[in-house]
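Please walk through the structure shown here, starting from one chain as a whole and ending at single side chains.

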Number of protein chains: 2
Amino acid sequence: LFRRYRTAQEVLHKAWEMGRSDPRKIVFSAKMGLALMLISLLIYLREPFKDLSRYSVWAILTVVVVFEFSIGATLSKGLNRGIGTLSAGGLALGMAELSKLAGEWEEAFIITSIFTVGFVATYAKLYPTMKPYEYGFRVFLLTYCFIMVSGYRTGEFIETAVTRFLLIALGAAVGFGVNIGIYPIWAGEDLHNLVAKNFIGVATSLEGCVSNYLNCVEYVRVPSKILTYQASDDPLYKGYRTAVESTSQEDALLGFAIWEPPHGRYKMFNYPWKNYVKVSGSLRHCAFMVMALHGCILSEIQAPAERRQVFRNELQRVGAAGAKVLRELGIKVQKMEKLGQVDILYEVHEAAEELQNKVDRKSYLLVNSEGWEIGSRPGEPQESLNLDVDEDKHLEYKSLSEAVLDLRSVPVPKGWDDKIPAGNNGFNPEGLGYLPSNMNSTQPPGVPSDNLFRKNISWHAGLTCTHNGEPITEESKTYENASALALATFTSLLIEFVARLQHLVDSFEELSEKAKFKEPVESLETT
Amino acid sequence: LFRRYRTAQEVLHKAWEMGRSDPRKIVFSAKMGLALMLISLLIYLREPFKDLSRYSVWAILTVVVVFEFSIGATLSKGLNRGIGTLSAGGLALGMAELSKLAGEWEEAFIITSIFTVGFVATYAKLYPTMKPYEYGFRVFLLTYCFIMVSGYRTGEFIETAVTRFLLIALGAAVGFGVNIGIYPIWAGEDLHNLVAKNFIGVATSLEGCVSNYLNCVEYVRVPSKILTYQASDDPLYKGYRTAVESTSQEDALLGFAIWEPPHGRYKMFNYPWKNYVKVSGSLRHCAFMVMALHGCILSEIQAPAERRQVFRNELQRVGAAGAKVLRELGIKVQKMEKLGQVDILYEVHEAAEELQNKVDRKSYLLVNSEGWEIGSRPGEPQESLNLDVDEDKHLEYKSLSEAVLDLRSVPVPKGWDDKIPAGNNGFNPEGLGYLPSNMNSTQPPGVPSDNLFRKNISWHAGLTCTHNGEPITEESKTYENASALALATFTSLLIEFVARLQHLVDSFEELSEKAKFKEPVESLETT
């Protein structure tokens, strides 16, 4: 008994939670109860017309069937029901007239016509573009069979049809009246909010991906739900997955929204609901890049932690700017504001350019030079030194000894070794050379303070490699060696993400034009 | 009139096409017609029992409503209808008894109970996990209201309920009998085929991506349908999109398949349909990588054509081996065969390793050295020469003069220049150096026949860069410079795809264990 009490308590708690998170559900349920109450009352009042009330079930049936959550769905179902009933009624009347001509074959004619109509209507229903009218076909079949069968018995085709139609009209009137008249729930509004919410979700995922990547957050064990693309609570994953997965929901809402009359903020005939879905599709196209970025975190092939730090500022800036663009667009969709004069992509393009320039200057960090058949990267120390002096004019300069001090004073965190591929531990110059400058947070990262030091090591490294001769090819190293390239992948996926933002902005502008979004407040002030 | 004739012709043609591509649709339509015919006949035969036939609409309604395409859907709808009707009937009877106690408040009591039941049932229906039982709730509401209202008027609660139930049972019997007895269509079979088909689709996409990438196929203008993730005829896109998009379809089929009794090849209670969806989820996880590979083709940032050729053989081998694994798994799913002793991933892992080794040896091709702050790549010619001799022991050797001849004899196709980033045209060594060896198809691609030649150029290039001093940073170059890294991205995405195959094989093995797939024929022969 106690356990039952607990279960009941849990159910009530869940019900309460659902109501709190979406109060429209409570309103809708109350509306449904009200509509049923009204139709019952009407049936009571009409008691004198016994003949009519015999078919009272039709009125109740219509209310129950037509009463959908959103107005669009209600209207589309009602229309389906109306057209299905009317056309079936018309056809049935015609067929009944014909059947009279058949004389003694009347029964056979009726039965055959039922088979034929059943076959054709069902076959037509299965055609893909007929999907939204599925319910109409069902009503059509039901009405046709019912009229043919009952009409044959009583000989009162017209009366049956008219009575049914009146009661259906009554049910529909009550259903529509209550559902539209009291606190209507619009599918279009839902679609609008869904699209705006997707923007925020993708933005959160993007930020999370970049920051987790820079902080070398790794999954101890990748949740199998992610590996099989099921819903999961992982916040990074949830954001983009929701945006990617919402296609079917959007299509359903779009199918309903186009039935809705102009209302609220959407005061326009032929409101461009399709463009909301298009914007969401473009967002999805961007979200796939965020998904690929997340793939870099999920991957077994992990870039060495300290190399990521070199690009830290730039990556973070692009991530933050990209997320900001998404958020801003999301808010603009929500508020139905145009973009205005400001180039929303300016900052993110700047950031991407900076990242790209950094990559150009430091792309040697993105490859392992050990195995190169043209020899390891830095060739002759003197040559390198000359180059360095050239370079260091523009850069903060630090002497060799200082760099060595740096290396000694900062303990190399041992825990990271696991993430640094084995091949790099021994003699890879950057792996060691960059650790100090990044561990020591007083220096701006990316400044090659230990340039000379690194050069010397790498020269030795080059020699070591040369002396070793044969490249080391162990089976297990296959994936490990890809680690440096993994950073390159992350970087170029991020840049590709930025490139895709352009399409997103384009489709947003198309939407804002077609839907006549208002001008932003800021731009009005300046002009 | 002529136009109408044409339209009719088109409609007929489409209908014919649909029937030819899926004859089950014709069979199903005929079954529907047959069921309707049978129920009409039964109603005729029962003409003596006027009282019963008064409610004949219930039998027809049940047939029309319960008759779904697949057996699972039919059973689940039938069960919903049955439970909904029975529980509503029971509740209504109890309430009617109670209402008698209310005396003169009877009407008010009934109306209030209708509101309360309507509210609670609708609210419960909106709870997400209740979605599959949505239809049951509708039937419940309808039955409850109908019995309360009609019962009040005639005072014959029990008779109404029993008559209705008998007719519903009759309709259900006819519906089930025809739908299950004649050529049953199983949702489980559909799910099985859908999953197997997705494998083939992704395999085709993968092959297409790799070959298009190597052949430098570019979209003159990326179809806006791809940019907004809508269905499109593009064969590369279609393959993986179908696999990615099939989630909702799979969920629906799974929801029906679990209702189906053991049948045909699925002779087992609690057949692991869930694992099919899981395998499909893992496949989707791989498909996302194919999608990212396709993204490399869609991207504005394109790797120079001749560098792609360097990795041609390896990329092609990985692509072919990966597609082969997918195809084989797809066929095994289709045939319901276990993997057997063979390591299905052996070949693709070998290929990925080879690609990885090549990348290790040639990753200098994946970066642009111009802007490096540690100086351009090749340092001192003597050093390079030494290294080259070391390397060339293992490689086909060609003298400098031969290489120069190569370069002169083969015209550099001017059209390619557009794809080679501007920065590379002038002095990037590989851009020029590799062209001959790949244009001249008598040589195996990837063999650095012009090693020495390239070295000399690149040395000059290095100097040029040094003398230039400042790195060139134009705004428009941002994306162009990413071009070399784009190849690195493509490569590591492909390797990540291979890594993900492991999860796919794991979930396939789980499925094959749980669903008791048969041992493959080959393995039986060897043991």
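What does the accessible surface of chain A come to, and what share of it belongs to carbon and sulfur atoms? The surface is about 22,700 Å², and 61% of that belongs to carbon and sulfur atoms; areas come from the Shrake-Rupley method with a 1.4 Å probe, and for residues only the protein chains shown count as cover.

This is a predicted model, in which local features need pLDDT of at least 70 and side-chain atom pairs count only at pLDDT 80 or more, while totals for chains, interfaces and linings use all residues. Residues are numbered from 1 along each chain as its sequence is written, chains are lettered from A and ligands numbered from 1 in the order in which they are written, and side-chain values use heavy atoms, with hydrogens and water left out.

Chain A has 25 helices and zero strands; both are DSSP runs numbered from the N terminus, helices being H or I with at least four residues and strands E with at least two. Of the 527 residues in chain A, 56% are buried, that is, under 20% relative accessible area, against over 50% for exposed and in between for partly exposed (1.4 Å probe, protein chains only). Among contacts in chain A with a separation of 6 or more, 82% join residues 24 or more positions apart, where contact means heavy atoms within 4.5 Å.

The largest nonpolar core has 165 residues, and Tyr276(A) and Tyr276(B) touch the most other members. Such a core is a set of buried Ala, Val, Leu, Ile, Met, Phe, Trp, Tyr and Cys residues joined through side-chain atoms within 4.5 Å. A second, separate core of 92 residues includes Ile39(A), Leu126(A), Ile114(B) and Ala121(B). Beyond four places in sequence, the contacts of Tyr276(A) include Leu191(A), Val333(A), Met336(A) and Phe517(A). Tyr276(A) is also linked by ring pairs into a cluster with Tyr266(A), Tyr271(A) and Trp273(A).

Helix α5 of chain A (residues 71-101) holds Lys77(A). Lys77(A) counts as buried because its relative accessibility is 18%. Leaving aside neighbours within four places, Lys77(A) is in contact with Val65(A), Val66(A), Glu68(A), Tyr135(A) and Arg138(B). In chain B, the charged end of Lys77(B) sits over the ring of Tyr135(B), 4.7 Å from its centre; this requires NZ of Lys or CZ of Arg within 6 Å of the ring centre and within 35 degrees of the ring normal.

Technical notes. Phe/Tyr/Trp six-rings, centres within 6.5 Å; stacked < 30°, edge-to-face > 60°.
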